[in-house]
Amino acid sequence: EFRMMNNLNLLAILLYKFTHALLGIGTIFIIVFTLSPNMQGWYYTMLSIASLYVLFEFGLSNLLIFKSANYFSKLKWSKDVVDGDKDIIEEFYKFFKSSTLLYVYISIMSFFIIYPIGSYVLEKNNPSEVINNWKNIWFLLILFTSINLASTSVLHIYEGAGKIREIYLLRTAQQITGVLITWLLLTNNFEVISLLALPISCLSIFIIWLYVYGREVRVIIKSNISFNAYDWRKYIGHLRLQIGFSTISLYIITQTIVPFVFYFTSPVLAGQIALTITACNMLSLVCISWIQQNIPLYSSLTASNNIMLFNRLFTKNALQSIALYFISLITIFFIIFHIDPFSIMQRFASMDLFVYLAIYFFIYHMLVILVNYSRVYLNDKLYLTLIASSVIHVFVMIAGLTYYDVEITVGLIGISLFLFILPYSFYIIKTSYNLSGR
């Protein structure tokens, strides 16, 4: 029965990831044929800045998943309620309600900070000459992104608590609906207005799901436990800081390239790089599934001190993920630069830059795997290394784009990852954990 449930969970995750990837590929083609190179740059830059909410979330999403999985190594779902030790159930309820309130605070703070920052960056390139009513569009994008963020704590906790299939089917429905509406808007010349489709769709479908299927959520929320009863400092204060800093660092390493290029060079080049990064990220999302679908199992194995089996399973999943990502990158490169049936090559980065970015994100993918290994133990030993990497990234991006070109800049940050950050991360994992399981 466990194996069957695990297979169903994997199928649900893969359905979401492959749907996400296919819809992403479709979006790339539609953007190529509906947006000008200049508008493509605006589109992806606004999207990148809107995703700054990750900085304010401070790694909390990952923390909720791993902490919830830790609780449910001792608890289980029984119909619409949680079953197990009463003290642990009460602690879980406190954790759930406090997380919900905390996400509301985070969403409010992210709106009031991201909106003016994005307005400043976008204003530099005179958006009024390119986008009609751009301030209204930008306001609505950040508003709905922030509101949608407030709802996601429930999904993260449910995922960690073992309801993987339900959550990923919900996310698949959100993704399909949002992207199809985006396509409809793009093909009808609504351009950057189409950015509003996904956050609004995700929020709407979540509200419907909560009303129809979220009885457990309503039971927990209506309980007599205070929303401020959970002692974050006592239970996971140190972990919150570790995961927060590492998540922000990973975000800076991957998601700030486009805004930097937009600011220092041009919207056209930013759009080309953004399209390339989108392809690399889509592959990573699919390939990391071999790790994510087993997080509840990993937590259960480490909680029961079955370290040897955990190491064996994690290593197998990690190698599967790396191999698939490498093969997928080569396939994408071959299609774009050797087949290219739709003549879209000019909308991607140049061949040299594509190779640099592909290698860069391949190294990033391996870093994410190592980070996931560390977090299973409810700590994050790599956070200081990742902070150093993000600082190097920012300085190299600013200096490189000021005095050199994009190819040299990406090459330099890729070399720093490959020669220093990745080997040192392997060293930390090897010396910090019992890899033999004995």
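User: In this predicted model, where is Thr-256 found?

Analyst: Look at the helices on either side of Thr-256. Helix 11 covers 232-255, and helix 12 covers 257-264. Thr-256 sits in the loop between helix 11 and helix 12.

User: Is Thr-256 buried or exposed?

Analyst: The relative accessibility of Thr-256 is 14%. Buried means under 20%. Thr-256 therefore counts as buried.

User: Which backbone oxygen does the side chain of Thr-256 reach?

Analyst: The distance is 2.5 Å. A polar contact needs N or O atoms within 3.5 Å.

User: Which side chain is joined to that of Thr-256 by a polar contact of 3.1 Å?

Analyst: Start with the contacts of Thr-256, leaving aside neighbours within four places in sequence. They are Tyr-251 and His-393. The 3.1 Å polar contact joins two side chains, that of Thr-256 and that of His-393.

User: How are helix 12 and helix 18 oriented to each other?

Analyst: Helix 18 covers residues 383-403. The axes of helix 12 and helix 18 are 10 Å apart, at an angle of about 25 degrees. Angles under 35 degrees count as roughly parallel. Helix 12 and helix 18 are therefore roughly parallel.

User: Which residues of helix 18 make the contact with helix 12?

Analyst: Helix 12 brings Ile-257, Phe-260, Val-261 and Phe-264. By class, the contact of helix 12 with helix 18 has eight nonpolar, two polar and no charged residues. From helix 18 come His-393, Val-394, Met-397, Ile-398, Leu-401 and Thr-402.

User: What is the handedness of the crossing of helix 12 and helix 18?

Analyst: The two helices pack at an angle of about 25 degrees. The crossing of helix 12 and helix 18 is right-handed.

User: How do helix 2 and helix 5 run relative to each other?

Analyst: Helix 2 spans residues 37-50, and helix 5 spans residues 86-123. Their axes come within 10 Å and cross at roughly 150 degrees. Angles over 145 count as roughly antiparallel. Helix 2 and helix 5 are therefore roughly antiparallel.

User: How many charged residues are in the contact of helix 2 with helix 5?

Analyst: Helix 2 supplies Trp-42, Thr-45, Met-46, Ile-49 and Ala-50. Helix 5 supplies Ile-114, Gly-118, Val-121 and Leu-122. Seven residues of the contact are nonpolar and two are polar; the number of charged residues is none.

User: Is Thr-100 buried or exposed?

Analyst: Thr-100 has its place in helix 5. Leaving aside neighbours within four places in sequence, Thr-100 is in contact with Ser-153 and Ile-221. At a relative accessible area of 17%, Thr-100 is buried.

User: How far apart in space are Thr-100 and Tyr-383?

Analyst: In sequence, Thr-100 and Tyr-383 are 283 residues apart. In space, C-alpha to C-alpha, Thr-100 and Tyr-383 are apart by 25 Å.

User: What is the orientation of helix 4 to helix 15?

Analyst: Helix 4 is residues 60-71, and helix 15 is residues 295-303. Their axes come within 9 Å and cross at roughly 55 degrees. That makes helix 4 oblique to helix 15.

How values were computed: Residues numbered from 1 in each chain as written. Predicted model: local features only at pLDDT ≥ 70, side-chain atom pairs only at ≥ 80, totals over all residues. Heavy atoms only, no water. Helix = DSSP H or I, 4+ residues; strand = E, 2+ residues; numbered from the N terminus. Buried < 20%, exposed > 50% of the residue type's maximum accessible area, 1.4 Å probe, protein only. Polar contact = N/O pair within 3.5 Å; in protein donor to acceptor, adjacent residues only side chain to side chain. Contact = heavy atoms within 4.5 Å. Axes fitted to C-alpha atoms, helices over the stretch in contact; angles between N-to-C directions. Parallel < 35°, antiparallel > 145°, perpendicular 65-115°, else oblique. Nonpolar A, V, L, I, M, F, W, Y, C, P; charged D, E, K, R; others polar. Left-handed = near helix turned anticlockwise from the far one by under 90°.
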